[in-house]
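Colleague: Hi! I'd like to look at a few spots in this model with you. Can we start with one side chain?

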Amino acid sequence: MSASGDALAFDLIVVGGGSGGLAAAFRAAEYGRRVALLEPGDLGGTCVNVGCVPKKAMWLAADLGLRIGHAARLGYDLPRGGRPAFDWPCFLTDRQRYIHGIHASYRRRLDRDGVLLLPTRGRLAGEGAVETADGALLRAPHIVLATGSRPIVPQIPGASLGVVSDDFFHWTQAPARVAVIGGGYVAVELAGVLQALGSQVDLVVRDGRLLRQAEPELVAQLQDNYIQQGVVLRLGVASQALHRQADGRIAIETDGDERLADYDQVLFATGRRPNTDDLGLERVGIVPDPQGHLPVDAFQDTPAPGVHAVGDICGCGPALTPVAIAAARRLCDRLFGGRPDARLDAENVPSAIFSHPPLAMVGLTEAQARERHGDDVHVYTSRFRPMIEALADTSQCSLFKLICVGEARRVVGLHLLGDAADEILQGFAVALKMGATLDDFHDTVAIHPTSAEEVVLMR
């Protein structure tokens, strides 16, 4: 860094130390650029601290609990009741140790690469300038905004009685009875985790189904699985207000005649809003959309010269951690790496929802395929019980769906609900990205006995 008048000068200033911001800082530093990173909170943003990482840790604990139940059915001599108690505080120690290790690895790499980390908020202060919360002025020809998003609390009476997903990660035990309001991936994931770890969960969903963007057949099967696990699905029910009962528990007023009552916790999972407040956007002429997203083009450029944005604050592409990382890296490849055409390809991005079992998807849904290709769409499905479920004699089912187009049966969509679907999908996503056909899948010898083999056997 160098001084320019009263300002410190850099090649790149990154506002926000989540996954996207860190990826931008690291990639620019790899090209030998001088980088400043402004982040007032814990490094890693939502994903590392109150999102992907602790969520997956809790999912793993919940999955182990379910498998212990299978073990009891398969002959293991377990305590009366079929499973031992889960020591939630003990597990939190291990979870947070893991997260602290990630923080430490980020700091080591920032130090190694010479990135200046400033533990403060930043806001735009005119063209090529960022002002810190304590009044310091930084200048750079390129500024990356990567401030992420936060959970939305609905504007209903009594909303302060509820909590959001961030709060869930501070819990030290499973509440006896929980209402999760929402039908998206956060609601589905946390409902499954809580039910498996000992809560009685009601999923209160305004729509008539869960996961609006997922394949309807897979969602129907997942809903069946959740009901079998004990989750109560209250579909088509809009929450209008929360009230504190005389006994201290919480009741939900709905748009129908039913009053939902006796909850120890109510958790809102009703969407997220980008953190674009108080960024000084007006100083450089950037106007967010009504939802707060920043306008960016295919190269992550905002309308303001030299100001770029990645991650959840943009309204384009899936709001996924790997998408933010990929966008940030390609942006810096273009700005500093001599690759003028580098940009994120947001087509065929694989994703997974950590429900029980997981739901993973890549490419087009059947409805999207028919909208693009008309009647030249070919759909193949396989519904089956994974071996562990069949051995334990449960009724939990997997459902795989393959979508192809054209005479060559090019694969344009793959949707998996089932054990290890999240792990299975990654390799098939590469095949789909490379233009694989149904014949390519059929020409691949199956690994038997696995769930994955169903993908190459569907006809």
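Colleague: Which backbone oxygen does the side chain of Gln-300 reach?
Modeller: The side chain of Gln-300 reaches the backbone oxygen of Ala-309, at 2.8 Å. A quick word on the ground rules: this is a predicted model, where local features need pLDDT of at least 70, side-chain atom pairs count only at pLDDT 80 or more, and totals for chains, interfaces and linings use all residues. Residues are numbered from 1 along each chain as its sequence is written, and side-chain values use heavy atoms, leaving out hydrogens and water.

Colleague: Thanks! Where is the place of Gln-300?
Modeller: Gln-300 sits in the loop between strand S19 (272-274) and strand S20 (307-309). Strands (E, at least two residues) and helices (H or I, at least four) are DSSP runs, numbered from the N terminus.

Colleague: And is Gln-300 buried or exposed?
Modeller: Gln-300 is buried, because its relative accessible area is 7%. Buried means under 20%, exposed over 50%, and partly exposed in between, with a 1.4 Å probe and protein chains only.

Colleague: What does Gln-300 touch, not counting residues up to four places away in sequence?
Modeller: Gln-300 touches His-308, Ala-309, Val-310, Cys-314, Ala-327, Leu-331 and Leu-344. Contact here means heavy atoms within 4.5 Å.

Colleague: New topic: Lys-401. Is Lys-401 buried or exposed?
Modeller: Lys-401 is buried, with a relative accessible area of 0%. You'll find Lys-401 in strand S24 (residues 398-405).

Colleague: Which side chain makes a polar contact of 2.5 Å with the side chain of Lys-401?
Modeller: That partner is Glu-215. A second polar contact, of 2.8 Å, joins the side chains of Lys-401 and Glu-217. A polar contact is a pair of N or O atoms within 3.5 Å; within protein, one must be able to donate a hydrogen and the other to accept it, and residues adjacent in sequence count only if both atoms are side-chain atoms.

Colleague: Where is Glu-215 found?
Modeller: Glu-215 is in the loop between strand S13 (200-205) and helix H7 (216-229). Glu-215 is buried too, at 3% relative accessible area. Apart from its neighbours within four places in sequence, Glu-215 is in contact with residues including Arg-209, Thr-365 and His-415.

Colleague: Let's switch to helices. How far apart are the axes of helix H3 and helix H6?
Modeller: The axes of H3 (residues 52-73) and H6 (residues 185-196) are 8 Å apart, and the two helices pack at an angle of about 45°. H3 and H6 are therefore oblique to each other. Axes are lines fitted to C-alpha atoms, for helices over the stretch in contact, with angles from 0 to 180 degrees between N-to-C directions. Under 35 degrees is roughly parallel, over 145 roughly antiparallel, 65 to 115 roughly perpendicular, and the rest oblique.

Colleague: Which residues of H3 and H6 make the contact?
Modeller: From H3 there are Lys-55, Met-58, Trp-59, Ala-62 and Leu-66, and from H6 there are Glu-189, Val-193 and Ala-196. These divide into 6 nonpolar, no polar and 2 charged. Ala, Val, Leu, Ile, Met, Phe, Trp, Tyr, Cys and Pro count as nonpolar, Asp, Glu, Lys and Arg as charged, and the others, Gly among them, as polar.

Colleague: At roughly what angle do the axes of H6 and H7 cross?
Modeller: They cross at roughly 25° and come within 11 Å. That makes H6 roughly parallel to H7. Val-188, Ala-191, Gly-192 and Gln-195 of H6 meet Leu-222, Tyr-226 and Gln-229 of H7. That contact divides into 4 nonpolar, 3 polar and no charged residues.

Colleague: Last one, on peptide bonds. Which residue does a cis peptide bond join to Pro-357?
Modeller: His-356 is the partner, with omega about 5°. Pro-357 lies in the loop between strand S21 (351-353) and strand S22 (359-363). Another cis peptide bond joins His-448 and Pro-449, with omega about -5°.

Colleague: What about phi of Asp-262?
Modeller: Phi of Asp-262 is near 70°, a positive value in a residue other than glycine. Asp-262 is in strand S17 (residues 259-263), and counts as partly exposed at 31% relative accessibility. Asn-348 also has a positive phi, about 60°, although it is not a glycine.
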